[in-house]
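Let's take a walk through this protein together. Keep the viewer open and follow along.

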Amino acid sequence: MSPRLRSKGWGEEAPPAPHIWRTLGYRGLEQADGRSVIEWDATPEYCFHAPSGPIVHGGMVTTLLDTAMGGACWTVLEETESFLTADLRVEFMRSARPGTLRAEGRVVQRNRRVAFCSAELYDGEGALLASSRCTQIIRRD
């Protein structure tokens, strides 16, 4: 990895409060070389209750996927760069239920001004629940 690239991810601890990581209790498992893996223990408080049982709110699923893609994007930026999400798409394949959810994000392509990212969300048994794609606009700070 080039020394000009951000080599540090979230590290051992979540960012300082207030931050989505602390609010929801995300756990960073991996963040390097255009890849980011995070987990979250979804509880019934973040669900709506259907006749079939609690289902994690789609906005919470989207936030987890977005965070994984953002984490992956940070790893391919230079120190003087940041990014803004230009678009975000999510496809829900199955209902997410309470339990540990794992989001795996990656940078698909990084150009000078744009990064294209994707992510998948899995439940504790490894079933694919949702997938997403986003376009990040690269900014010079």
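A word on burial before we start: a residue is buried when its relative accessible area is under 20%, exposed when it is over 50%, and partly exposed in between, using a 1.4 Å probe and protein chains only. What you see is a predicted model, where local features need pLDDT of at least 70 and side-chain atom pairs count only at pLDDT 80 or more, while totals for chains, interfaces and linings use all residues. Residues are numbered from 1 along each chain as its sequence is written, and side-chain values use heavy atoms, leaving out hydrogens and water.

Cys 117 has a relative accessible area of 1%, so it counts as buried. Cys 47 is buried too, at 13%. A disulfide here is a pair of cysteine sulfur atoms within 2.5 Å, and the whole structure has zero of them. For Cys 117, the nearest cysteine sulfur belongs to Cys 134, 4.4 Å away.

Now zoom out. Helices (H or I, at least four residues) and strands (E, at least two) are DSSP runs numbered from the N terminus. The protein has two helices and eight strands, in the order α-β-β-β-β-α-β-β-β-β from the N terminus. Of its 141 residues, 41% are buried.

Helix H2 covers residues 58-74. Twelve of its 17 residues are buried, among them Met 60, Leu 64, Leu 65 and Cys 73.

Finally, take contacts, meaning heavy atoms within 4.5 Å. Among those between residues at least 6 apart in sequence, 62% join residues at least 24 apart.

Note on methods:
Expected span 1.5 Å × (residues − 1).
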